[in-house]
Amino acid sequence: MKLRVLHCIYDSLPNPWLAGGGAVRVHEVYRRLAEDVDVTVATGRFPGARDAVVDGVRYVRLGAPKPYAWSRLTFARAASRLLRTADFDAAISDFSVYTPVSVPTGRPVGLIVHMLMGPTAEQRWGRVLGPAVRAFERRQLSRARWVSGVSRFTIEQVRPHAPAGAYLEVIPNGVPQQLFSIRRAESDFLLYFGRFDVQQKGLDTLLSAVALLAMERPSVRLRMVGRGKDAGRLPAMIRELGIENNVDVQPGLPQAEAFRLFAGALALLMPSRFEGLPIVAIEGMAAGVPVVASAVGALPEVLCAPRAGRVVPPDDPRALADAIDALLGDGDTRATISAEARRVARKYSWDAVAAQHLRFLQRIAADARGVMPFPPCSRP
């Protein structure tokens, strides 16, 4: 008999506001588990959203379709109610204070944590709202009996706030195997590939770094490919810096076209201010693209810096520009990083992630039935 699973996550692949790595992970995992679980993925509603079954994964939309903030809040309210009342063997909530879903006690509900906001809450929301956000996050984590984190870094952040005896496990993100077979054919551009979120993804830092580079390398080119809530802000930011001839902004692309960009990019740039374990970093590594990223979250851990990528301080356009400039001027170093990045990335695969996630669901269901004793706190 299939395990009955409910998974609540605001993100979804067709969502114009938020279709990031969490949405990719959910779909890649559950389409591989279609024979093992009967899953309902509850996501946020957006304009034009419809319930659907995609690759054997059933999606239902919750909350209001717009505006964006109201869509997130109404989803959180509806998802909290569903986690309290729905009939399932195991449920998962993708944890985010941006979408304040309440974790019910006494029910088989686990969390997936990509990153915690508490450590940077005041930086994001100020001295009044920041402590309230941090308190909410800690309260929810204190109620979580089962937690999977995408990296060791994430789990170690969760551990002090989890209850005694909570089950903690590292389950990373994965990448498609076909990335490893992409043949590198360097072109003449740098690449940003991901969500258009200026604050989290550090896109202001990125554009400022390109402006600095353009002073020494007038022909430098950056291609920015993605979707997100801040897409409309980018043209004005680019004009203000005077780099209209250096930056191209494109909407999200089909996977095959995105992979062609990976083949030609001189470097993949990730100047984030906050991250958990971004899938695009691993995708770039698997494709052999040298990655230059901020030293935040799990990025240094994943990149095995400096062997498989370069890390720089966040919020530092000069450091980012210098790191890019060094790579642009050294083809041998790019080739060395490319080969090492592919080697490191081979430990990530969606098949392995799906198998780990299934065991995590089975653990939640078994613990809830009392088949297994409540475990001691695990050590990843």
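This is a predicted model: local features need pLDDT of at least 70, side-chain atom pairs count only at pLDDT 80 or more; totals for chains, interfaces and linings use all residues.
H13 gives the most, with three residues.

H13 also lies across several strands: S1 (3-8), S2, S5 (90-95), S6 (109-113), S7 (146-149) and S8. Its direction is at about 120° to that of S5.

**The sheet**

Eight strands form an open sheet in the order S3-S4-S2-S1-S5-S6-S7-S8, and the pairing is mixed. The edge strands are S3 (52-54) and S8 (167-170), each of which pairs on one side only. On average, neighbouring strands of the sheet are turned by 25° against each other, direction ignored. In general, strands of a sheet pair through backbone hydrogen bonds, either parallel or antiparallel.

| Strands | Sense | Bridges |
|---|---|---|
| S2 (residues 37-44) and S4 (residues 57-62) | parallel | five bridges |
| S1 and S5 | parallel | four bridges |
| S5 and S6 | parallel | five bridges |

Single residues can be picked out in these pairs. Val41 stands opposite Tyr59 in S4. Val5 has Ala90 in S5 as its bridge partner, and Ala91 has Val109 in S6 as its bridge partner.

**Strand S5**

How many residues of S5 are buried? Six of its six residues are, so S5 counts as mostly covered, where buried means under 20% relative accessible area. Both faces of S5 are covered. Ala90, Ile92 and Asp94 are buried on one side, and Ala91, Ser93 and Phe95 are buried on the other.

**Ala64**

Ala64 sits in the loop between S4 and helix H2 (68-85). Is Ala64 buried or exposed? Its relative accessible area is 15%, so Ala64 is buried. Leaving aside neighbours within four places in sequence, Ala64 is in contact with Arg45, Trp70, Ser71 and Thr74. Ala64 and Thr74 are ten residues apart along the chain, and their C-alpha atoms are separated by 6.0 Å.

Conventions:
Residues are numbered from 1 along each chain as its sequence is written. Side-chain values use heavy atoms; hydrogens and water are left out. Helices (H or I, at least four residues) and strands (E, at least two) are DSSP runs, numbered from the N terminus. Two strands pair if DSSP finds at least two bridges between them. Axes are lines fitted to C-alpha atoms, for helices over the stretch in contact, and angles run from 0 to 180 degrees between N-to-C directions. Contact means heavy atoms within 4.5 Å. Buried means under 20% relative accessible area, exposed over 50%, partly exposed in between (1.4 Å probe, protein chains only).
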